[in-house]
Amino acid sequence: TETISLPCPTKTSSIGKQLHRILQAPHFYTKYSNPNYYYLIQNKIKELIEPQNTDILFIYGIEAYQYLADLEVPLVVDLIDAMSMYFSRLAKEEKRFLRKLALWSEAKAFFRFEQKTADNADLVTLVSDIDANIIRGKRETDKIKTIPIGVANDWFKENKKRTHQHKILFSGTMNYPPNEDSALFLALDIFPLVKNKIPDAELLI
């Protein structure tokens, strides 16, 4: 197994930023905001992948798919969540007008790119039926699947020797917006209710 690191994005030009806004692309999309970087990464990946020797390509996340969309290889894309739904929820809750407008714009941009991904990929997976139905829309297709997040019950067994019974552990990548949102909701809205009932309760994030 070989691990290859690709360069991080370079600084975006003012023209690139304006073009990105005009074309209403999602925030992660670099083709308009940073075309030199976009084609650098796309060409680098094409050099690494030999289509004639590749049976299938698994892509983790919609951000990576932008560089691989036109490869002539069967593509399986794990979108994980429907991020368009996430930004739509944020927009509905936002009170500040300009911020609300920006969130709605991002939700629509994500939705367009998610739909493009669903049309072009050979298989798309998400972690819940709710997210899958957002992506599926009115399509009658069997190439959009739900694969729930699994738990290895044989590994995570109950520890009967533990002495502290009132700890809550929230585990997740905190630079992922839905996880950050969930952790804040748990800490600020839910955990105080728990503390009222169980004063010695602890929350670990």
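**Close-up 1. Glutamine 42 and its contacts in the predicted model.** In this predicted model, glutamine 42 touches Gln66, Tyr67 and Asp70, leaving aside residues up to four places away in sequence. Glutamine 42 is part of helix H3 (residues 35–48). With a relative accessibility of 7%, glutamine 42 counts as buried, because the cut-off for that class is under 20%.

Close-up 2. Lysine 46 sits in helix H3 and aspartate 70 in the loop between H4 and S2, so the pair ties together parts that are 24 residues apart in sequence. Both partners have some accessibility: lysine 46 is partly exposed at 34%, and aspartate 70 is partly exposed at 46%.

Close-up 3. Four strands line up in the order S1-S2-S3-S4, with parallel pairing. Strand S1 (57–60) and strand S4 (144–146) stand at the edges with a single partner strand each, so one side of each has no neighbour in the sheet. On average, neighbouring strands are turned by 20° against each other, direction ignored. S1 and strand S2 (residues 75–80) are joined by four bridges; in one example, tyrosine 60 has aspartate 78 in S2 as its bridge partner. Helix H7 (residues 129–136) packs on the sheet and touches S2, S3 and S4, its direction making about 170° with that of S4.

Close-up 4. How far apart are the end C-alpha atoms of helix H6 (residues 97–120)? They are 35 Å apart, which agrees with the 34 Å that 24 residues should span at 1.5 Å a residue.

Close-up 5. The model has three salt bridges in total. Arginine 139 forms one with aspartate 119, the closest N and O atoms being 3.0 Å apart. This pair links distant parts of the chain, with arginine 139 in the loop between H7 and S4 and aspartate 119 in helix H6, 20 residues apart. Glutamate 94 forms another with arginine 96, at 2.8 Å between the closest N and O atoms. In that pair, glutamate 94 is buried at 15% relative accessibility, whereas arginine 96 is exposed at 56%.

Definitions and conventions. Residues numbered from 1 in each chain as written. Predicted model: local features only at pLDDT ≥ 70, side-chain atom pairs only at ≥ 80, totals over all residues. Heavy atoms only, no water. Pairing = 2+ DSSP bridges. Helix = DSSP H or I, 4+ residues; strand = E, 2+ residues; numbered from the N terminus. Axes fitted to C-alpha atoms, helices over the stretch in contact; angles between N-to-C directions. Contact = heavy atoms within 4.5 Å. Expected span 1.5 Å × (residues − 1). Buried < 20%, exposed > 50% of the residue type's maximum accessible area, 1.4 Å probe, protein only. Salt bridge = Lys/Arg side-chain N within 4 Å of Asp/Glu carboxyl O.
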